[in-house]
Amino acid sequence: MNPGDVVSYLEMCTAEGVNLQRGMNFRLRGDYSVILMSLRPNAPYADRVESEGRVLIYEGHDVPRTKDTPVPKNLDQPMRTPGGTLTQNDLFYQAAAEHRRGSREPALVKVYEKLHRGIWVYNGVFKLLEAWLEQGNARQVFKFHLELAEDVHLDHATGQTATTLDHDRLIPSDVKLAVWKRDKGRCTKCGSTDNLHFDHIIPYSKGGSSLVAENIQLLCARHNIAKRDNIE
Ligand SMILES: [Zn+2]
């Protein structure tokens, strides 16, 4: 799987080998973690993308809604579960703190973004560099600073890392959505709806922008590979 690939929820779960029930999954398998994000207007958390798609500021997650906590948005995001174990918030927070202290490499985090109901995009591998607590709306939330790991590519089957020369930037959600609508969820070459990928018409490394829909198109896997072979 490559950054910009469009996947269904099922394909995403198959790629990770688990049923992804929650948005934050510290060290899901092997040495990497997985987070699910959404920048849609009705998204439950205030995730944001900065620096032309190189930086992701990801918000921690609330306590689960239960009989005792009917309005999680009124409560501080938790460090511990009621049972006393570390929450996903704290697992990511501790990993970032250890990295800041210089005692470990940044955690590698695979990021999937929800684009539409049942439609997800793989945004690539990010490095978790910082975490902090932020006071907002009378409660405390976790914030995580992640940066696109431009030199890291994860093999999904093994969880092993390898280097990559693919320097394309994260495409902003509104651009992805505009392209998805314009191309009607189909490959612009053959109309296929399978294995779609958000393709930079002019690659970022050759000066093409990630920020305008005019430079992004949907291609199926076959046409994406054919195009890469032609360019390189
Ligand atoms: Zn095609």
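This is a predicted model: local features need pLDDT of at least 70, side-chain atom pairs count only at pLDDT 80 or more; totals for chains, interfaces and linings use all residues.

Me: How many helices and strands does the chain have?
Reply: Both are DSSP runs numbered from the N terminus: helices are H or I with at least four residues, strands are E with at least two. The count for the chain is four helices and 12 strands.

Me: Why does the chain count as compact as a globular protein of its length?
Reply: The radius of gyration is taken over C-alpha atoms, and the globule rule is 2.2 Å times the number of residues to the power 0.38. For 232 residues the rule gives 17 Å, and the chain is close to that, so it is as compact as a globular protein of that length, with a radius of gyration of 18 Å.

Me: Is phenylalanine 26 buried or exposed?
Reply: Phenylalanine 26 sits in strand β2 (residues 24–29). Buried means under 20% relative accessible area, exposed over 50%, partly exposed in between (1.4 Å probe, protein chains only). With a relative accessible area of 17%, phenylalanine 26 is buried.

Me: Which residues does phenylalanine 26 touch, not counting residues up to four places away in sequence?
Reply: Contact means heavy atoms within 4.5 Å. On that basis phenylalanine 26 touches Ser33, Gln88, Leu91, Phe92, Ala95 and Arg104.

Me: Where does lysine 184 lie?
Reply: Lysine 184 is not a glycine, yet has a positive phi of about 55°. Its relative accessible area is 66%, so lysine 184 is exposed. Lysine 184 lies in the loop between α3 (173–182) and β11 (196–200).

Me: What phi does asparagine 195 have?
Reply: Asparagine 195 lies in the loop between α3 and β11. Although asparagine 195 is not a glycine, its phi is positive, about 50°.

Me: What share of the 232 residues of the chain count as buried?
Reply: The C-alpha atoms fill a box of roughly 55 × 40 × 30 Å, taken along the principal axes. Of the 232 residues, the buried share is 45%.

Terms used: Residues are numbered from 1 along each chain as its sequence is written. Side-chain values use heavy atoms; hydrogens and water are left out.
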